[in-house]
Amino acid sequence: MKKEKLILAVVSLCLVIVSLVGMSVAIGAVRNEPMVEQVTKESVREKRDAITNKPFQVFISGLDTYGEKEQSKRSELNLLVTVNPSEKKLLITGIPRDIYVSLPASLSKEEKQYTKFSLLSLYGIKNLIQGAEELLDTKIDYYIQIDMSGFKKLVDAIGGVDVKANQSFKTDWKTSFQKGINHVNGKEALTFVRERHHFPQGTKQRCENHEEMLKAIMKQVIKKSLPEMDINALYKLCKKNVRTDMKAGEILSLMRWQKEEKVEWKMETATLTGEFAREKLAEYPDVKLYVEKPDPKSLDEVNKKIKKILNF
C-alpha cells in the first residue's frame with residue numbers, strides 16, 4: 001500500500017524525464033564519456049541545497065516531430081510542473097494545444113498578433129516559455145522538451161507499459177484500446193496519447209489519457225532496475241531526443257534527495273479550459289481556424305493554484 005501511494009504520488013512527466021536524464025548522466029560516467037557538466041560530490045550538495053529548499057517550476061514540452069531535438073516544431077503536449085520541495089507538494093498544470101494566446105512581447109509588432117499555444121514553439125523554446133509565463137502570469141525556472149521519437153523510444157526501452165484506458169476507443173492511426181488495462185509498446189503508446197478526434201469530451205479525455213500514460217511509465221521505471229532496461233537506448237534518446245536547461249548536478253541532487261527522503265508528494269492537477277472559436281492566426285492571417293479562447297474563470301483558478309504552491 002505504501003509503495004502504491006509513493007508511485008501515484010510521484011507521477012509526473014517532469015520526474016520521469018528528469019530520472020531518465022539522470023540515468024544518462026550515470027551511464028555516461030560508467031562509459032567514461034565526457035559530460036557537459038563535471039558533477040562532483042561538492043557540486044551535487046550545493047545544487048541539492050538550492051533545488052530542494054525553495055519552490056521551482058519546470059515546463060514540459062512534447063514536440064510534434066520525429067526529427068532531431070534541435071528542430072522547432074509544434075508543441076503538442078504542454079505541462080507546467082510547480083514543485084514545492086519543503087512542503088512536498090506538486091502541481092501539474094495542462095495547457096491545451098489550441099489555447100489562443102498573444103505572441104510574446106519579443107515577437108510582437110506594433111499591432112498585437114495572436115496564435116495557438118502549440119505554434120509558439122515554431123519560434124523557439126525561449127518564446128514558448130515566455131508565452132507560457134505571460135499566459136499564466138508566472139515565472140518558469142526550467143524546461144524539458146522531448147519529441148515523439150524520444151517518447152516512443154522511451155516506452156520501448158523500458159519494456160512497454162500497462163496503461164489504463166477509462167473508456168474503449170479507436171485512434172486515427174488504426175489502433176484501438178479496450179476499457180481497462182492495455183499493454184502497449186512505444187508505437188501504440190504514442191497513438192494513445194495523441195488521439196483526440198474520437199472523444200466526445202475532447203480536451204478533457206485527452207488530458208486523462210496523458211495522466212494514465214504517465215502513471216504507467218512511472219510504475220514501469222520504478223518497478224524495473226536499470227540493467228533490466230535497454231540502457232543504450234535510454235542513453236541515446238536522452239542525448240538525441242531530450243532538451244533541458246537543468247544542470248546535471250541539479251538533476252542528480254533532486255533524484256538523490258527524493259530517494260533518501262522517500263518523498264511522498266501531495267500531487268494536484270489543473271487543466272486550463274477554453275471556449276470554441278474561430279480566429280485568424282499570425283501564421284495564417286487569411287483564414288479563421290479553430291482555437292480555444294481561455295476561460296477567464298479557469299485562468300484565474302489555475303493562477304491561484306500555482307501561487308498557492310509557490311507560497312505567493
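Trainee: In E11, which residue is the bridge partner of Ile144?

Mentor: The partner of Ile144 is Thr244 in E11. Helices (H or I, at least four residues) and strands (E, at least two) are DSSP runs, numbered from the N terminus. Two strands pair if DSSP finds at least two bridges between them. Here E6 and strand E11 (residues 242–244) are joined by three bridges in the antiparallel sense, and Ile146 stands opposite Val242 in E11.

Please note that this is a predicted model, in which local features need pLDDT of at least 70 and side-chain atom pairs count only at pLDDT 80 or more, while totals for chains, interfaces and linings use all residues. Residues are numbered from 1 along each chain as its sequence is written, and side-chain values use heavy atoms, with hydrogens and water left out.

Trainee: How many bridges join strand E1 to E6, and in which sense do the two run?

Mentor: Strand E1 (residues 56–63) runs parallel to E6, and six bridges join them. Within this pairing, Ser61 has Gln145 of E6 as its bridge partner.

Trainee: In what order do the strands of the sheet lie?

Mentor: The open sheet has six strands, in the order E11-E6-E1-E2-E3-E12, with mixed pairing. E11 and strand E12 (266–271) are the edge strands, each pairing on one side only. On average, neighbouring strands of this sheet are turned by 15° against each other, direction ignored.

Trainee: Is E6 enclosed or open to the outside?

Mentor: In a regular strand the side chains alternate between the two faces of the sheet. One therefore examines each face for buried residues, meaning those under 20% relative accessible area (1.4 Å probe, protein chains only). In E6, Tyr142, Ile144 and Ile146 on one side and Tyr143, Gln145 and Asp147 on the other are all buried, so both faces are covered. Because six of the six residues of strand E6 (residues 142–147) are buried, this strand is largely enclosed by the rest of the structure. Across the protein, 51% of the 312 residues are buried.

Trainee: How does one describe two packed helices?

Mentor: One gives the angle between their axes and the distance between the axes. Axes are lines fitted to C-alpha atoms, for helices over the stretch in contact, and angles run from 0 to 180 degrees between N-to-C directions. The axes of helix H5 (residues 148–157) and helix H6 (residues 186–194) come within 8 Å and cross at roughly 125°. H5 is therefore oblique to H6, since angles under 35 degrees count as roughly parallel, over 145 as roughly antiparallel, 65 to 115 as roughly perpendicular and the rest as oblique. Their contact (heavy atoms within 4.5 Å) includes Phe151 and Val155 of H5 and Leu190 and Val193 of H6.

Trainee: At what angle do H5 and H8 pack?

Mentor: H5 and helix H8 (residues 231–240) pack at about 165°, with their axes 9 Å apart. That angle makes H5 roughly antiparallel to H8. Gly150, Lys153, Leu154 and Ala157 of H5 meet Ala233, Leu234, Leu237 and Lys240 of H8 in this contact.

Definitions and conventions: Buried < 20%, exposed > 50% of the residue type's maximum accessible area, 1.4 Å probe, protein only.
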